[in-house]
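Me: I have a chain open in the viewer and want to learn to read its features one by one. Can you take me through them?

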Amino acid sequence: MSPSAVRLCLALASVALAVAFGHLLVALTSAATRRAGWTRLGLRTRASLLVQARLAPLTLALAIVPLVQIAFWRFEPVQHAERPGLALPLLAVAGAGLLAVVARRGWRSLAATQRVTRAWRGTGDRTEIAGWQGPAWIVRTPFPIVAVVGVGRAELYVSHEVLRVCDAAELAAIAAHERAHVAGHDNLTRLLFAVAPAAGRAAGRLERLWAATAEEIADVQARASGDGVTLAQALTKVARLAVGAPPPAPLAMSALIGDDRLEGRVRRLLEPAQHPGAMLRGWPTAAVVPVALAAVVWGLPAIYDAAEFLVTLGR
């Protein structure tokens, strides 16, 4: 097999191995969230840890694949053809399959979201909502939708029934809640969840816990710009409209009400205010940089030896 073919197989095999280790981190974090001390962490700390754990398969793949390629380019003899063992092509096929699944999931998520928003805009009208600076639409849907769609240019979609039952103060509280989702880049997180390789109950648990935590953070931030009673009243009114209405499919958007328990959200809004805590979102990413640099400087020979072992495994 030519060196270029070996490098391609190594890249795909590295994806498969990185995802496998990432799955382990997902499972360990899911188990950790069941411990009593988990809920004593700050809201933003919990949200950040959940995001980083859920995206671990994607993060590891993005970090490991370039290191393996650099090590192989640096130490592999020029035009050195070799016969790989059985393990490398099998792992390469698995890695290619994972990439295909990621591409399919990402495409389906974006296409479904665009399809729904086009339908909403087709039957809706532009409007202005106090406290919301971007585009806003009134839509007619069976479910009382209140959702922010978009990563770069967020748009707010509000059901006609929600506008009918909520007064100006409640709509302003809703707008503050959705602004918090935009400030937290929650739609981008949802999109990354859609494309990050991981499946099963552990990954689903992390996504549900993050979604509930993100809603609580948005509630806290909305409360800071108004009062909790007004937002609690708005949530209750929207929830009443949702009784018996078919909910929309999960999409890459942030909705006012979802699978989280509304009772708990309302109770927290009526309790004394709390602070969401410090933002730790950038810590894991910042920690990767010195580790990667150290691996490049001191660890390339070991990475190359591991790659060579993988190439010859099963020969």
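Me: What is the mean pLDDT of the chain, and what percentage of its residues reach 70 or more?
Reply: pLDDT is the predictor's confidence in each residue, from 0 to 100. The mean here is 82, and 85% of residues reach 70 or more. This is a predicted model, in which local features need pLDDT of at least 70 and side-chain atom pairs count only at pLDDT 80 or more, while totals for chains, interfaces and linings use all residues. Residues are numbered from 1 along each chain as its sequence is written, and side-chain values use heavy atoms, with hydrogens and water left out.

Me: Where does pLDDT stay under 50?
Reply: Where pLDDT is low, the predicted coordinates should not be read in detail. Here that concerns residues 279–283, where pLDDT stays under 50. The model gives this stretch eight contacts (heavy atoms within 4.5 Å) beyond four places in sequence.

Me: How many helices and strands are there?
Reply: Both are DSSP runs, numbered from the N terminus: helices are H or I with at least four residues, strands are E with at least two. The chain has 12 helices and five strands. Of the contacts with a separation of 6 or more, 78% join residues 24 or more positions apart.

Me: What percentage of the 315 residues is buried?
Reply: Buried means under 20% relative accessible area, exposed means over 50%, and partly exposed lies in between (1.4 Å probe, protein chains only). Buried residues make up 46% of the 315. The accessible areas come from the Shrake-Rupley method with a 1.4 Å probe; for residues, only the protein chains shown count as cover. The chain exposes about 16,400 Å², with 64% of that supplied by carbon and sulfur atoms.

Me: Why is helix α7 called largely enclosed?
Reply: Count its buried residues. Helix α7 spans residues 186–195, and eight of its 10 residues are buried, so the rest of the structure largely encloses it. Among them are Asp-186, Arg-190 and Phe-193. The buried residues pack against α2, α4, β3, α6, α8 and β5. His-185 has a phi near 55°, a positive value in a residue other than glycine.

Me: Which residues make the nonpolar surface patch?
Reply: Patch residues have over 30% relative accessible area and no salt bridge; like charges are joined within 9 Å, and nonpolar side chains (Val, Leu, Ile, Met, Phe, Trp, Tyr) within 5 Å. Leu-17, Phe-21, Leu-24, Leu-25 and Leu-28 make this one, at about 470 Å². Leu-24 belongs to helix α1, residues 3–32. Leu-24 counts as partly exposed because its relative accessibility is 47%.

Me: How many aromatic pairs does the structure hold?
Reply: A pair of aromatic rings is described by the distance of the centres and the angle of the planes. Rings of Phe, Tyr and Trp (its six-membered ring) pair if their centres lie within 6.5 Å; planes under 30 degrees apart are stacked, over 60 edge-to-face, and the rest tilted. The structure holds five such pairs. Trp-120 and Tyr-157 are tilted, because their planes meet at 50°, with centres 5.3 Å apart. Trp-120 is in helix α4 and Tyr-157 in strand β4, 37 residues apart. Trp-137 and Tyr-157 are stacked, at 6.4 Å centre to centre and 10° between planes. Trp-137 and Tyr-157 are both buried. Elsewhere, ring pairs link Phe-72, Phe-75 and Tyr-304 into a cluster.

Me: Which residues are linked in a network of salt bridges?
Reply: A salt bridge is a side-chain nitrogen of Lys or Arg within 4 Å of a carboxyl oxygen of Asp or Glu. The whole structure has five. Arg-121, Arg-153 and Glu-155 form the network. Arg-121 meets Glu-155 at 3.4 Å, N to O. That pair links helix α4 to strand β4, 34 residues apart. Arg-153 bridges Glu-155 at 3.5 Å. Glu-155 counts as buried at 13% relative accessibility, while Arg-153 counts as exposed at 58%.

Me: Where do Glu-161 and Arg-164 lie?
Reply: An α-helix has 3.6 residues a turn, so residues three or four places apart point the same way. Glu-161 and Arg-164 are both in helix α5, three residues apart, about one turn. Their side chains meet in a salt bridge at 2.6 Å, N to O. Glu-161 is partly exposed at 31%, and Arg-164 is exposed at 54%.
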